[in-house]
Amino acid sequence: MLDNKKVRIIGFPSDLGASRRGVDMGPSAIRIANVGPRLRQLGYDVDDVGNIPVAVRESVAVATDSKIKYLPEIVAASKELRDRVYESLKAGRVPLTLGGDHSLAMGSIAGVTKFYGEKKQKVGVIWLDAHGDINTPETSGSGNIHGMPLAHVLGNGHKDLLALGDKTPMIDSSRAVLIGIRDLDPGERNAIREQGVRAFTMRDIDEMGMRNVIQEAIKIATNGTAGFHLSFDVDCMDPRDAPGVGTAVRGGTTYREGHLAMELLHDSGLMLAMDITEVNPVLDTSNQTADLAAEMVLSAFGKHIL
């Protein structure tokens with residue numbers, strides 16, 4: 001974040017990209033966990049601009065394409081998010097986007113790459129997730145767009161979503177890193193290999209340790225870039241610590257591994273923007289997962305034990 005002590009919080013209250021309902025309440029849950037006041041305690045000037053407007057399913061009159069569900073509505077919301085993120089950076093504030101399903105990353109990354117693209121600078125991405133999120137409408141088994149954002153960021157998929165960025169791809173695959181993956185579709189395995197995305201599975205974390213994984217990820221994502229966009233899906237964490245997610249997968253990162261990852265990413269000084277996604281209060285216990293999400297944000301923005 002290049003020593004920037006100004007943050008803008010933007011909510012993306014969408015569950016259109018997912019099968020399970022309720023993740024649209026994620027931004028409220030994270031705010032209830034006091035993410036804004038806790039950032040202020042760290043010395044940040046926090047500007048919370050509320051939520052962008054997102055259609056609710058009940059308001060959508062016409063059924064959408066089963067291969068890419070709710071496309072027009074997600075495109076409209078993503079354009080709004082793109083513009084809000086871009087405006088935040090223009091105003092000298094680090095954008096923190098609260099989700100909502102992970103389809104939001106297309107809009108947030110489009111805003112970041114637009115801003116730095118105008119400076120003739122590239123951006124990398126570090127993506128923490130149990131899943132690859134690199135399906136296209138052709139490879140997706142569900143048609144849910146929250147399983148497709150990384151594919152579109154890297155230039156593959158539906159033309160309307162690719163058009164969110166000022167250029168295609170928004171980010172070069174050689175500067176994209178996946179961390180914590182443990183549940184991939186066959187098409188995603190092929191895409192990761194063919195596109196040369198560096199993916200650290202849970203086995204890699206077990207064998208290498210989170211410190212080495214993050215250090216390598218930073219090198220990849222910042223090679224020839226202004227810095228990296230951090231996209232954090234809370235389901236990268238083990239469900240014992242983060243039960244309130246729609247697509248939980250056993251064997252995720254531990255509580256301390258999550259904090260260590262965020263602390264190391266902050267210490268690099270190269271985080272340009274952050275997403276925190278997929279908190280589903282309907283599936284949570286006493287707002288435990290939203291509080292965990294807020295804690296991860298705080299570590300990413302510089303909170304340390306001492």
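Predicted model: local features only at pLDDT ≥ 70, side-chain atom pairs only at ≥ 80, totals over all residues.
1. One runs from glycine 99 to glycine 100, with omega near 15°. Glycine 100 is placed in the loop between β3 (94-99) and α4 (104-117).

2. The other cis bond joins threonine 168 and proline 169, and its omega is about -5°. Proline 169 belongs to the loop between α6 (159-162) and β5 (176-181).

3. Most residues other than glycine have a negative phi. Asparagine 34 has a positive value, near 65°. This residue sits in the loop between α1 (26-32) and α2 (35-41). Asparagine 34 is partly exposed, at a relative accessible area of 39%.

4. Asparagine 287 also has a positive phi, of about 60°. The loop that holds asparagine 287 lies between β8 (271-277) and α11 (288-300). With a relative accessible area of 23%, asparagine 287 is partly exposed, because the partly exposed class begins where buried, under 20%, ends.

5. The count of aromatic pairs is three. In one of them, tyrosine 44 and phenylalanine 301 have ring centres 5.6 Å apart and planes at 85°, so the pair is edge-to-face. It connects distant parts of the chain, 257 residues apart: tyrosine 44 is in the loop between α2 and β2 (45-51), and phenylalanine 301 is in the segment after α11. Both tyrosine 44 and phenylalanine 301 are buried.

6. Tyrosine 86 and phenylalanine 115 make another edge-to-face pair, with 6.4 Å from centre to centre and 65° between the planes. Here helix α3 (residues 71-90), which contains tyrosine 86, is linked to helix α4, which contains phenylalanine 115; the two residues are 29 apart in the chain. Tyrosine 86 and phenylalanine 115 are both buried. Ring pairs extend this into a cluster of Tyr86, Phe115 and Tyr116.

7. A tyrosine from each of the two pairs described above also has a lysine over its ring. Lysine 5 lies over the face of tyrosine 44, 3.9 Å from the ring centre. For tyrosine 86, the charged end of lysine 114 is over the ring at 4.3 Å from its centre.

8. The largest pocket has a volume of about 400 Å³. It is lined by 25 residues, of which His131, Ser142, His146, Gly147 and Thr247 are the closest to its centre. By class, the lining of the largest pocket comprises three nonpolar, 13 polar and nine charged residues.

Notes: Residues numbered from 1 in each chain as written. Heavy atoms only, no water. Helix = DSSP H or I, 4+ residues; strand = E, 2+ residues; numbered from the N terminus. Buried < 20%, exposed > 50% of the residue type's maximum accessible area, 1.4 Å probe, protein only. 1 Å grid on protein atoms, 1.4 Å probe; cavity = no way out; pocket = protein on both sides within 12 Å on 5 of 7 lines; lining within 4 Å. Points joined across faces, edges and corners; volume = space filled by probe spheres on them. Nonpolar A, V, L, I, M, F, W, Y, C, P; charged D, E, K, R; others polar. Phe/Tyr/Trp six-rings, centres within 6.5 Å; stacked < 30°, edge-to-face > 60°. Lys NZ or Arg CZ within 6 Å of the ring centre and 35° of its normal.
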